Every structure is written in C-alpha cells, then in structure tokens.
Amino acid sequence: MKKVLAVVLASMMVLSLAACGGGDKKETEAPKETPKATEAAKETQAATEAAKETAEKATEAAPAANGEGLKIGVCIYKFDDNFMTLYRQELQKYLEETYGAEVTVVDGKGDQAEQTNQIDNFISQGVDVLILNLVQASATETVAKTCADAGIPAVFINREPDATELERWESEGVAATYVGADARQSGTFQGEIILDTPNKGDINGDGKVSYIMLIGDPENVDAQYRTEFSVKALTDAGMEVEELFAQRGDWDQAKGQELTANALAQFGDQIEVVFANNDAMALGAIEAIEAEDRKMNEDIYLVGVDALDEATAAIADGRMTGTVLNDHMGQSHTAADVAIKMANGEKVDTKYTVDYVKVTE
Ligand code: GAL
C-alpha cells in the first residue's frame, strides 16, 4: 500500500518536474521541441492515472491485509515483568493503531496450566491468530499442535523454542513462527562491554576476572545463552575467569538485589564484575552495590540486558557500566506484522530475529 502511494507520489513529482522542464524549454529552445515535451507529459500522466487506479484497487482490498476486524489473542507469561510490559503495551498499541485489529491480552501469571486454559479459551472464541509468550518454552510443541489442530496460526515470541521444533514447522508446513532475538548476541555484547573497560574487568590485576552471575530463569534460553556467552566473550579474548556465585533471580529486581547483597556479603571485594541476565535484576544489584559503598566503574562493573529507561539513566549517571538493548519495538512490530500476514493466510518464515545493540555511557 505504502509502495503504491510512493509510486503515485513519485509519478506526480515526475509530472510536475516535466511540466516545469517544459516551461523552461519554451523560453530557451525551438518550439518544435514542445510537442515532445507534451507527449512525455501525457505519458507520465497516463502512468500516474494507472498508478492511482492500482492504489485505489489496493485500498479496496486493504481491509483484510489491514487487519481491520481481525481478532488477535495475546498470551503473556506474566504481566509483572518490566521488559514484557513494555513489549505487550507496544504490541497492543501497534496492532490496534496500525492494523485496526481487535486485540485481547491475557496474563499467564507465570503458570503454564493457567496459560494453557487461556489458549483453549481463545481457540474456542475463534480468534484469527495467537501471539504467544509461553510460560514454559518446553510447552511449545504441545501448544503448536493444539493451534494447528484448531487451524489457528501461532506466533511464538520472546522465548525461543528448540531448533527441532522449528524444523518440524518447516517440514510439516505448520502455520507457526518464532519472533525474537538471538540471546547469544546479547551475552557476547555484555562480555564485550567488560572487555572495553580499561582493565578488561580484571580490576585488581590478579590475572582473572572474578564475577557473579544473576541468572534469569534457568529454563529460559535467554538466560542460558546470556550466562554462557557473556563469559565466553571474555575467555575467547584470552581472559581467565572465576565464577564466584551464580543463582537464579527470575528476571526480578527484588531478587537481583537480594542475590547481589548475599554475594557481596560472601565475597566482598573479590567481586569485580556483576553479570545480570537482565536490567531488572541489574537495578536490584545497584541497590546492593551502593549499600556496600562500592564505587561503580572503579572497583566493580555491572552489566545488564534490555536497556530499560531506568538502566540507561543509571549508565548515564555512572551507576551501572552498560546494558544491551533488547529491541521491544522491533520485536513487537515484527510479531504483529507477521501475525497479520498469517491471519490472512500468507506463508511466512519459521523464524525472525531482531538485533541487540550495545549501550554504554
Ligand atoms: C528476556 C528479557 C527479560 C525478561 C524475559 C522474559 O528477553 O531480557 O527481561 O523479560 O525475556 O522471558
């Protein structure tokens, strides 16, 4: 639709330029040139009219492609999650404003059984497409089969399913897809932010980077990859590492604070780097670090993921070393665009990823 409008506008510009050109020529060139210019202008006008007609036809066909009247069910693993709150709000807004879709968003409250009921309800209501942020990524296959049996396309978001499941969708032609980001990249970027500090994370110069790891949810591939690849970036760069402490904080700020306080009580000055699988836990870590009077970026480093506003503000104030943008705008818009296509029966890829971006001062 936008393309067609662009063609119309471009044609109009060509037309007006041709008209202006014709005017100049009139003054400087022999009159015999004029009929050609008029002919060219006529051709351009014909092209413009054809383009207009195509645009009008496209508008007539638009309602379906537009998503007007489409019913979309969105299941979020739990509403009480900072990043997924930004994500779901943007997703709903974009689907409603850009496509005019009817969107219902429900809270899985961190309970897979409850979420499975919500999915069944959406199916019996006859939604046109489901957007699913599962409580447990391991439930993907069962849920994908339920949706396929009901003939409802499914867009899985945020929690990446097993590669074998994506292959199954491809080989069996299942109307399912995954939209997310490659968590390996976010982990690598966290490690690189530490490598970019003056002492590459080895603040006390003992030849190794001693760190603690605040893990999101061990079942979640984002947590697994961030934990693995942040450290891998250091060892790949030839740094020795020492893990002092690694515990689950379920992506949660209060738990991030509690874990960091415990780790600081246990290991004190030995801790040079705090890797948090997400910013919410990193924000909690800031509280614990400041309570111990540790000096950020002098005797300790802290990195997170997501680039929540509070985290980027903390980075600007020198209260946190860096974070990695988890692009909720890009991901939610891609999920919405793909969902609309699937609801309209278009075939889509089995996976779409949006890049992470490093954020430092
Ligand atoms: C991650 C995000 C976390 C949390 C998690 C939920 O991508 O970084 O903050 O929202 O998703 O699955």
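Colleague: By class, how many nonpolar, polar and charged residues does the lining of the largest cavity have?

Modeller: Rolling a probe the size of a water molecule over the atoms shows where empty space is left. In this predicted model, the lining of the largest cavity comprises four nonpolar, four polar and five charged residues.

Colleague: How many cavities of 30 Å³ or more does the structure hold, and what volume has the largest?

Modeller: There are two cavities of 30 Å³ or more, and the largest has a volume of about 120 Å³.

Colleague: Which residues lie nearest the centre of the largest cavity, and which elements give two or more residues to its lining?

Modeller: Of the 13 lining residues, Asp 81, Phe 83, Asn 158, Asp 222 and Trp 251 lie nearest the centre. The elements that give two or more residues to this lining are α3 and α8 (221–236).

Colleague: Let us turn to the sheet. What is the order of its strands, and which are the edge strands?

Modeller: Six strands form an open sheet with parallel pairing, in the order β2-β1-β3-β4-β5-β11. The edge strands, each pairing on one side only, are β2 (102–107) and β11 (351–353). From one strand to the next, the twist averages 15°.

Colleague: How many bridges join β5 and β11, and which residue does Val 179 stand opposite?

Modeller: Strand β5 (residues 176–180) pairs with β11 in the parallel sense over three bridges; Val 179 stands opposite Tyr 352 in β11.

Colleague: Which strands does helix α3 touch, and which does helix α6 touch?

Modeller: Helix α3 (residues 82–99) packs on the sheet and touches β1 (71–76), β2, β3 (129–132) and β4 (154–157); its direction makes about 165° with that of β2. Helix α6 (residues 163–172) also packs on the sheet, touching β4, β5 and β11, and its direction makes about 140° with that of β5.

Technical notes
Residues are numbered from 1 along each chain as its sequence is written. This is a predicted model: local features need pLDDT of at least 70, side-chain atom pairs count only at pLDDT 80 or more; totals for chains, interfaces and linings use all residues. Side-chain values use heavy atoms; hydrogens and water are left out. Two strands pair if DSSP finds at least two bridges between them. Helices (H or I, at least four residues) and strands (E, at least two) are DSSP runs, numbered from the N terminus. Axes are lines fitted to C-alpha atoms, for helices over the stretch in contact, and angles run from 0 to 180 degrees between N-to-C directions. Contact means heavy atoms within 4.5 Å. On a 1 Å grid over the protein atoms alone, a cavity is a set of points where a 1.4 Å probe fits but cannot get out, and a pocket is an open set with protein on both sides within 12 Å along at least five of seven lines; lining residues have an atom within 4 Å of a point. Grid points are joined across faces, edges and corners, and a volume is the space filled by probe spheres set on the points. Ala, Val, Leu, Ile, Met, Phe, Trp, Tyr, Cys and Pro count as nonpolar, Asp, Glu, Lys and Arg as charged, and the others, Gly among them, as polar.
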